[in-house]
Amino acid sequence: MTENSYNCDVCHKSFSQKSNLKTHVLIHTGEKPFRCDICGKSFAGGSNLTKHKRTHTGEKPYQCDICGKSFSVNHNLTSHKLIHTGEKPYHCDICGKSFSQNSLLTYHKRIHTGERAHRCDICGKIFSESGALTRHNRTHTGDKPYHCDVCGRTFSQIDFLVRHRRIHTGEKPYHCDICGKLFAGCSDLTRHKRIHTGDKPYHCDICGKAVARSSDLTRHKRTHTGERPYHCDICGKYFSQAGGLSRHKCIHTG
């Protein structure tokens, strides 16, 4: 053992700090002294408990300095940044194809191995991770396990709850670097920036018209399909847009 080095008696791994050795030894003993006071799940290390608690609080302290997206653990931020740099350090040893994330490589390898992916039994959609399938299944079951402790509203995903809570707190962490306007959600900021850039990424596959928001495209397509989903419960007349129904109802209410 070198000076200021602490060795594990079981596997002989060395550590520079005694506290790190004590945490490591728990791997061998199976002891998990750090317990989540919200759900009761236990962990061997305090740092693991800290990361786990973010699944309950929705805290995402690691933010991408390029696009503003936030993450609960630093590793996910590191993987995300590869999207911006174009770096693809994970290589398939069978066909040589490269990927920016290890999870994408794992999913790709199933093409070669024939391993069954995580498939939804209801609609057949396939996911590379079991957690993603669990979240997707809630679209079928209607399960909403995340509750707002202020108003009681429930959500299917923790991200939706985090964004909703900002209605109560007034927090708007996303900032437009062009005009300074603040937003509660990253997607709201993305849509807003199209006012400045003129970007219109949604295209009508019938006439080719481009619009800035998916909701605008949905409304536009009704000019082709004739769909009128908004119904007056007084006279039965149908409208293609909610605004048209609201204006129409003034005829009845005065």
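**Note on the predicted model**

1. Two domains. The domain assignment gives domain 1 (6-57) and domain 2 (70-143); such bounds come from an automatic or database domain assignment. The C-alpha centres of domain 1 and domain 2 lie 27 Å apart.

2. Ground rules. This is a predicted model, in which local features need pLDDT of at least 70, side-chain atom pairs count only at pLDDT 80 or more, and totals for chains, interfaces and linings use all residues. Residues are numbered from 1 along each chain as its sequence is written, and side-chain values use heavy atoms, with hydrogens and water left out.

3. Helix α2. Helices are DSSP runs of H or I with at least four residues, strands are runs of E with at least two, and both are numbered from the N terminus. Helix α2 (residues 46-57) has 12 residues. Its first and last C-alpha are 17 Å apart, close to the 16 Å expected at 1.5 Å a residue; the expected span is 1.5 Å times one less than the number of residues. Leu49, His52 and Arg54 are the buried residues of α2. Buried means under 20% relative accessible area, exposed over 50%, and partly exposed in between (1.4 Å probe, protein chains only). The buried residues of α2 pack against β3 (34-35), β4 (42-43) and β5 (62-63). Glycine 58 follows α2, and its phi is positive, near 80 degrees.

4. The largest nonpolar core. Cys148, Phe155, Ile158, Leu161 and Val162 form it, 5 residues in all. A nonpolar core is a set of buried Ala, Val, Leu, Ile, Met, Phe, Trp, Tyr and Cys residues joined through side-chain atoms within 4.5 Å. Helix α6 (residues 158-169) supplies the largest share, 3 residues. Beyond four places in sequence, Cys148 touches Arg153, Leu161, His164 and His168. Contact means heavy atoms within 4.5 Å.

5. Arginine 166. This residue is found in helix α6. Is arginine 166 buried or exposed? Arginine 166 counts as buried because its relative accessible area is 15%. Beyond four places in sequence, Arg166 touches Glu171, Pro173, Tyr174, Ala184 and Gly185. A polar atom of the Arg166 side chain lies 2.4 Å from the backbone oxygen of alanine 184.

6. Histidine 248. Helix α9 (residues 242-253) holds this residue. Histidine 248 is buried, at 9% relative accessibility.

Notes. A polar contact is a pair of N or O atoms within 3.5 Å; within protein, one must be able to donate a hydrogen and the other to accept it, and residues adjacent in sequence count only if both atoms are side-chain atoms.
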